[in-house]
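Me: I have a new structure here and would like to get to know it. Could you walk me through it?
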Amino acid sequence: MSNQLIDPFGRGVEYIRLSVTDRCDLRCFYCLPGDYRDFQEPEEWLTFDEIERIIRAFASLGVQRLRVTGGEPLVRKNLPALVTQLSGISGIEDLSLSTNAVSLARQAEDLKTAGISRINVSLDSLRPERFKDITRGNLDKVINGLMTAKAAGFSPIKINMVVMKGVNDDEIEDMLEFCIEHDFTLRFIETMPVGDTGRSAASHYVSLQDVKDRLSERYQLIPGVMPGGGPARYVQVAGTSLRIGFITPISQHFCETCNRVRLAVDGTLYLCLGQDHKFEFRPLLRAGISDADLQEAARTAITLKPERHEFREKPQQVVRFMARTGG
Ligand code: SAM
């Protein structure tokens, strides 16, 4: 136990979200500016071996869960090869992926074989025109990716929907029926003031408590749990196998149980999505740090974890875009 990572507020850290690129093949209006060009350059990216070394260090200190994310992780070349490296790390018991599914149809089988067991897919609309307005992307590709992943045997598949007033809040019930039909888990997310884009979407903010109240009028929602180690609070829809998770960073933050940190593609470890606290691993790696010192560096990094985000009190605070931090 003494080997575990405990932050200054007594929380055990056992979960890393690993951003393998800050690039994305979509431009969700609340996430990345349409004309954004300020991406990290390849020489700034951690190599697969550098990523593996950092994750090994954390795994030796009790980190068990790893989620591959981005930007859009599937745009990083040879991703299945990285996943194979990561799934071989002793101690990592849960290896999952967050994706927009645009190119999932092509990669689903390889990712499954490489060791990804669970996937989360972002999907804010089931209407092609609206999907395009929100993301600039093609809905058919996403649905095709989802169905290929289902056929490949990923389980569970979770759909993440950012609920936005006047944008897609009239599709909540449609999304619920879609998930019942395909046996997906559904998670609703509140809009966060991350980057200028996130802040500009604040006018569309909807409290998920209101969404839950609205759904309760039509469906019987049974409180429940679901494994995953994340922040969602789940209910089950009576008479179906559908589980719905509510992720409420704004209306009811869950910082007291935060068990995670985020490693960006440039080797910066962000200790909180809503704060600037960070630790730089890349200079240490490129200066030839030993494994033992890398482990010590991981311990030091965790001492920097802040108590909580301040999205409500200081919405101007986070200038990084979500894609940079690793969503
Ligand atoms: N590209 C992958 C995907 O689509 O899941 C992984 C990265 S993406 C940044 C992760 C999640 O962050 C997506 O579900 C996206 O909708 C969400 N997101 C981005 N900006 C957000 C914001 N300002 N508020 C709430 N969620 C946001």
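This is a predicted model: local features need pLDDT of at least 70, side-chain atom pairs count only at pLDDT 80 or more; totals for chains, interfaces and linings use all residues.
Me: What share of the 327 residues in the protein chain is buried?
Reply: Residues are numbered from 1 along each chain as its sequence is written, and side-chain values use heavy atoms, leaving out hydrogens and water. Buried means under 20% relative accessible area, with a 1.4 Å probe and protein chains only. By that cut-off, the buried share of the protein chain is 56%.

Me: Which residues touch the most other members of the largest nonpolar core?
Reply: A nonpolar core is a set of buried Ala, Val, Leu, Ile, Met, Phe, Trp, Tyr and Cys residues joined through side-chain atoms within 4.5 Å. The largest one here has 80 residues. Those that touch the most other members are Phe58, Leu86, Phe188 and Phe281.

Me: Which helix gives this core its largest share?
Reply: Helices are DSSP runs of H or I with at least four residues, numbered from the N terminus. Seven residues of the core come from one of them, spanning residues 48-59. That is helix H1.

Me: What radius of gyration does the protein chain have?
Reply: The radius is taken over C-alpha atoms, and the globule rule is 2.2 Å times the number of residues to the power 0.38. Because there are 327 residues, a compact globule would have a value near 20 Å. The protein chain agrees with this, at 19 Å.

Conventions: Buried means under 20% relative accessible area, exposed over 50%, partly exposed in between (1.4 Å probe, protein chains only). Helices (H or I, at least four residues) and strands (E, at least two) are DSSP runs, numbered from the N terminus.
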